[in-house]
Amino acid sequence: MRLEGHRALVTGAAGGIGEAVCARFLAEGAAVAALDLEAPTIGDLRLACDLRRDSAVEHAARAIEASMGTPTIVVHAAATTEFAGTLDSSPEAFARVYDVNVGGALRLAQRFAPAMREAGQGAFVFVSSINARMGAPGLAAYAASKGALETFLKTFALEVAPDGVRVNGVAPASIDTPMLRASFDRQPDPAATRAANVLRHPLGRLGTAEDVANLILFLASDEASWITGSVYAIDGGAGITRR
C-alpha cells in the first residue's frame, strides 16, 4: 500500500489518464478526491469543478478539506485542446486552453501548496505532453499551453522545495484516450491515421492511461522523495526517433 495515509486530489478524473490515476491511487491505499467538469464515477469524493473559475476551485477545496482533510498529493491531469493550427486559431482559443491547462495548475498550487508547506511535505504531479517540446501542427494552443506548464512547474518546484514540497511532471506521447481518439476521428480515414500514429512509437503501440498512472504513482509516492522539478517522458520511444 504505497500511498497508505495519503490524501490525493486528481483532476480530469472522469476519463483517460485522470480516471486511471484515481484507480491506481485507490488500489494503493490513498483517499481520493476526484474532480472533473462533470462529477466522476470513481473516487471517495466525486466533485464537478470548472478549473477556470476561482470560486469553483475554492468550493471544491472546502468540500475536500471537510470530507477528508488537506490533500498530501495533487495530480493535475485535466486538459482541454483546440484542433487548429497557428493561423486558424484565435487569441480567445489560446486563452481558453491555457486557462484550463496552466491556469488550473496555478489555482491548484495556490490553494493547496500553503498547507503542504506548513506540514513540510507534499507532492504535485502535472500531466504535460511530448508536444511541449516538439512541433504539433493542428494543436497550436495545446502545445503552447503544455510548454508553459513545464516552465511553470519548474519554477514552482524551486519555490516550494525548501519546505519539503515536491513538484514534477510527466510528458506522454500518444495515449489511447478519448481526446486522442477524437483527433483521429477528425481525419478522413481514422483507422489509417491511428496506424500511422502507432508507427511513430518505436515500442510499436499507443500508450495506455494505466502506463501513465504507474509513473505518476511513483512520482507522488515517498519512493520519489528526492525528485523534484523534473518532467519525465513516457512516450514509447517517440522522443528519440525521427519517424
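Helices here are DSSP runs of H or I with at least four residues, and strands are runs of E with at least two, both numbered from the N terminus.

On the H3 side, Tyr98, Asp99, Val100 and Asn101 meet Gly103, Gly104, Ala105 and Arg107 of H4, where contact means heavy atoms within 4.5 Å. By class, this contact of H3 with H4 has three nonpolar, three polar and two charged residues; Ala, Val, Leu, Ile, Met, Phe, Trp, Tyr, Cys and Pro count as nonpolar, Asp, Glu, Lys and Arg as charged, and the others, Gly among them, as polar.

Residues are numbered from 1 along each chain as its sequence is written, and side-chain values use heavy atoms, with hydrogens and water left out. As the model is predicted, local features need pLDDT of at least 70 and side-chain atom pairs count only at pLDDT 80 or more, whereas totals for chains, interfaces and linings use all residues.

### Salt bridges

The structure holds 13 salt bridges, a salt bridge being a side-chain nitrogen of Lys or Arg within 4 Å of a carboxyl oxygen of Asp or Glu. The table lists some of them.

| Arg52 | Asp50 | 3.0 Å |

Arg107 is buried, with a relative accessible area of 16%, while Asp54, at 55% relative accessibility, counts as exposed; buried means under 20% relative accessible area, exposed over 50% and partly exposed in between, for a 1.4 Å probe and protein chains only. When neighbours within four places in sequence are left aside, Arg107 is in contact with Leu51, Arg52, Arg53, Asp54, Val57 and Asp99.

Glu58 and Arg62 both lie in helix H2, four residues apart, which is about one turn of the helix. Salt bridges that share partners join Glu58, Arg62, Glu65 and Arg111 into one network.

Arg166 is found in strand S6 (residues 165-172) and counts as buried at 10% relative accessibility. The side chain of Arg166 reaches the backbone oxygen of Leu219 at 2.9 Å and the backbone oxygen of Ala224 at 2.9 Å. These are polar contacts, meaning pairs of N or O atoms within 3.5 Å in which, within protein, one must be able to donate a hydrogen and the other to accept it, while residues adjacent in sequence count only if both atoms are side-chain atoms. Leaving aside neighbours within four places in sequence, the contacts of Arg166 include Gly122, Ala123, Phe124, Ser221 and Thr228.

Ser129 lies in the loop between strand S5 (122-127) and helix H5 (140-160), and at 4% relative accessibility Ser129 counts as buried. The side chain of Ser129 reaches the backbone nitrogen of Asn131 at 2.9 Å. Beyond neighbours within four places in sequence, Ser129 is in contact with Tyr142, Lys146, Glu150, Val170, Ala171 and Pro172.

Arg2 is placed in the segment before strand S1 (7-11) and counts as partly exposed at 31% relative accessibility. Although Arg2 and Ala30 are 28 residues apart in sequence, their C-alpha atoms are 8.3 Å apart in space. The side chain of Arg2 makes a polar contact with the side chain of Glu223 at 2.9 Å. Not counting residues up to four places away in sequence, Arg2 touches Arg24, Glu28, Leu217, Phe218, Ser221 and Glu223.
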